[in-house]
Amino acid sequence: MSLVAEERTEYLTEAQRAALEAELAELEGPRRTRVVSAIKTAREHGDLSENFEYHAAKNEQGFLEARIRTLRARLVGAVTIDESEVTQGEVAPGSIVVLEVDPGEQMEVEISSVGGPGTVSPDSPLGRALSGRRAGDEVAVEAPGGAWSARILSVRRA
């Protein structure tokens, strides 16, 4: 068993790349400035060993810098999808898919590694099951919580 993380290519639409770049700009600009200011203000209160505000601001700075590194690495290694090369009607990153999971029960998901409400990673069990499929196809999903199936009702681009 290898302890080295498996490298994988992350495919992003232009909109998904723009969302990650906007988050990075926010973190590197206003958020970083606020954290640095909070650390400076907390230092002015004196003894750092028992200064809760200082320790909280330093923790926030650590999380912020880790997220910045993660976003930079993702953006450098990501491949932007050329929409003209995406097969119309086929599930790919950036697709919005409507599924019928039970008769009369539907769910809508966007295939996106960016994350957020209503998104499904292309590398998740559902994302892998949907990849390359079309409206009308039945998909079998082998998930950690158990296997299930669904029928694809529609596929459109985000």
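Student: What joins the side chains of E10 and S113?

Tutor: A polar contact of 2.5 Å joins them. Keep in mind that this is a predicted model.

Student: Which residues is E10 in contact with, leaving aside neighbours within four places in sequence?

Tutor: S113 is on that list, along with R74, G77, A78 and V79.

Student: Is E10 buried or exposed?

Tutor: E10 is buried, because its relative accessible area is 7% and the cut-off for buried is under 20%.

Student: And where does E10 lie?

Tutor: E10 is in the segment before β1, the strand at 11–12.

Student: Switching to the other glutamate, E60. Where is its place?

Tutor: E60 sits in helix α2, which covers residues 52–77.

Student: Why is E60 classed as partly exposed?

Tutor: Its relative accessible area is 38%. Partly exposed is the range between under 20% for buried and over 50% for exposed, so E60 falls in that class.

Student: What does E60 touch, not counting residues up to four places away in sequence?

Tutor: E60 touches R31 and V35.

Student: New topic, strands. How many bridges join β6 to β7?

Tutor: There are 6 bridges, and the two strands run antiparallel. Strand β6 takes in residues 138–143, and β7 takes in residues 146–157.

Student: How many residues are between β6 and β7 in the hairpin?

Tutor: The hairpin has 2 residues between the strands.

Student: Which residue in β7 stands opposite A140?

Tutor: That is S149.

Student: Now the whole protein. What pattern does it follow along the sequence?

Tutor: The order is β-α-α-β-β-β-β-α-β-β, which comes to 3 helices and 7 strands.

Student: What radius of gyration does the protein have, against a compact globule of 158 residues?

Tutor: The protein has 21 Å, whereas a compact globule with that number of residues would be near 15 Å. Along the principal axes, the C-alpha trace spans about 65 × 40 × 35 Å.

Student: What share of the residues counts as buried?

Tutor: Of the 158 residues, 30% count as buried. The accessible surface comes to about 9900 Å², with 53% of that belonging to carbon and sulfur atoms.

Student: Last one. Of the contacts with a separation of 6 or more, what share comes from residues 24 or more positions apart?

Tutor: Those residues account for 54% of such contacts.

Terms used
Residues are numbered from 1 along each chain as its sequence is written. This is a predicted model: local features need pLDDT of at least 70, side-chain atom pairs count only at pLDDT 80 or more; totals for chains, interfaces and linings use all residues. Side-chain values use heavy atoms; hydrogens and water are left out. Helices (H or I, at least four residues) and strands (E, at least two) are DSSP runs, numbered from the N terminus. Buried means under 20% relative accessible area, exposed over 50%, partly exposed in between (1.4 Å probe, protein chains only). Contact means heavy atoms within 4.5 Å. A polar contact is a pair of N or O atoms within 3.5 Å; within protein, one must be able to donate a hydrogen and the other to accept it, and residues adjacent in sequence count only if both atoms are side-chain atoms. Two strands pair if DSSP finds at least two bridges between them. The radius of gyration is taken over C-alpha atoms; the globule rule is 2.2 Å times the number of residues to the power 0.38. Accessible areas come from the Shrake-Rupley method with a 1.4 Å probe; for residues, only the protein chains shown count as cover.
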